[in-house]
Amino acid sequence: MDSILRGLTVYAFLLVIFRIAGKRTLSQTTTFDLVLLLIISETTQQAMVHSDHSITNGFLLITTLVGATLLLSVLKQRFPKLDLWLEGAPLILIDKGRLLKDRMEKNHVDVAEILSAARMTQGLRRLDQIDYAILETNGEISIIPKGER
Amino acid sequence: MAGEIEINEELEHQRRAGRVRIVGRLLMAILVLAALFGTFGGGALSKARVEAAGAQLDYERISRFNSPSKLKLRIPPSSSELNLSLSSEFLERIDIERIDPEPKEIELSPGKQIWRFPVSETNGPVEITVQYRPDAFGNTRGEFDIEGRGKLQFSQFYFP
């Protein structure tokens, strides 16, 4: 009982904190992001497991966490508003070659990051080759090059 | 839809979510600042002291479940043996890790435990430290009775 409540509380807290932090948090895998992710997982594990290292407790926690994810996906499907609050929506950052700077600022995305995504996903060299750049709900930037329909 | 690309941006929601995010970030900053000052234990705001019959107890007003905490007592002894009783109500809500110095004897009594310490000199206060970890959430009250001379009463709050 105790470990299930712990698991659900930590799950809900992580859900809220990462929504507050924004789409871009931990979406890239820089060395520091990876280290931060490891620290967060270690801290989370200690808060959830406490001093009960039994297999039963481990099974209970895993079942609780996977169950919560399944339940949330069902709820998100049934209530689109909830889906919107939990997952967010994609946002256009470059619209027909035009930089939407206020959107970029609000979401902490700079031109260098868009260019990096353009190089890595499309092999593009310059900003003027980009038709659309979209900040996806998972924090990734997708690029649509000019000339594609 | 925006321009030639099929995408549902939900701009009104994005604006609202942006405001919520700002409030959330502000709350995060307040939380960290409050924690630095000891709102969740281990800081200036959580430290407290009570005095009675010349004795003194330093304790933490706020602590957290299963995190190490201390009670520091300074008591002027009146004879060669110091008898200190502690309420069972408090003892039930904590796990004692160490009493320094160890009592020579612990006597069980309804609603309390009596700890006996031998004392070699009675011309100054003696110090006793109790190291423990809270084993419950919420409010807790405790009481040290110093040989019937006075009572050191304290209350604590344990965060989950």
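A residue is called buried when its relative accessible area is under 20%, exposed when that area is over 50%, and partly exposed in between. The model discussed here is predicted. B:Lys104, by contrast, counts as exposed, because its relative accessibility is 53%.

These two residues of chain B also belong together. B:Lys104 and B:Glu81 form a salt bridge in which the closest N and O atoms lie 3.2 Å apart. The pair links distant parts of the chain, since its two members are 23 residues apart. B:Glu81 belongs to strand 5 (residues 81-87) of chain B, whereas B:Lys104 lies in the loop between strand 6 (94-100) and strand 7 (105-109) of that chain.

Over all chains, the count of salt bridges comes to 13. Another of them joins the side chains of B:Glu147 and B:Arg149, with an N to O distance of 2.9 Å. Both partners count as partly exposed: B:Glu147 because its relative accessibility is 25%, and B:Arg149 because its relative accessibility is 35%. Elsewhere, salt bridges that share partners join B:Glu105, B:Glu107 and B:Arg116 into one network.

B:Arg116 is located in strand 8 (residues 112-118) of chain B. It counts as buried because its relative accessible area is 14%, a value under the limit of 20%. B:Glu107 counts as partly exposed, because its relative accessibility is 32%. Apart from residues up to four places away in sequence, B:Arg116 touches B:Glu81, B:Leu82, B:Asn83, B:Pro103, B:Lys104, B:Glu105 and B:Glu107. Among these contacts are B:Glu81 and B:Lys104, the two partners of the salt bridge described above.

Attention now turns to chain A and its helix 1, which covers residues 2-21. At 1.5 Å a residue, its 20 residues should span 28 Å, and the end C-alpha atoms are 28 Å apart, so the two values agree. Just after the helix, A:Gly22 takes a positive phi of about 105°.

Several residues of helix 1 of chain A are buried, namely A:Ser3, A:Arg6, A:Gly7, A:Val10, A:Arg19 and A:Ile20. What covers them includes three further helices of chain A: helix 2 (31-49), helix 3 (55-78) and helix 4 (80-87). The cover also includes a part of the other chain, helix 1 (11-36) of chain B.

Chain A also contains an open sheet. Four strands form it in the order 2-1-3-4, and their pairing is antiparallel. Strand 2 (98-99) and strand 4 (141-145) are the edge strands, each of which pairs on one side only. Strand 3 (residues 130-135) of chain A is joined to strand 4 by 5 bridges, and these two strands run antiparallel. In this pairing, A:Ala133 stands opposite A:Ile143 in strand 4 of chain A. Helix 6 (residues 111-122) of chain A packs on the sheet, where it touches strand 1 (91-95), strand 2, strand 3 and strand 4. The direction of helix 6 makes about 65° with that of strand 4 of chain A.

Key:
Residues numbered from 1 in each chain as written. Chains lettered and ligands numbered in written order. Predicted model: local features only at pLDDT ≥ 70, side-chain atom pairs only at ≥ 80, totals over all residues. Heavy atoms only, no water. Expected span 1.5 Å × (residues − 1). Buried < 20%, exposed > 50% of the residue type's maximum accessible area, 1.4 Å probe, protein only. Contact = heavy atoms within 4.5 Å. Salt bridge = Lys/Arg side-chain N within 4 Å of Asp/Glu carboxyl O. Pairing = 2+ DSSP bridges. Axes fitted to C-alpha atoms, helices over the stretch in contact; angles between N-to-C directions.
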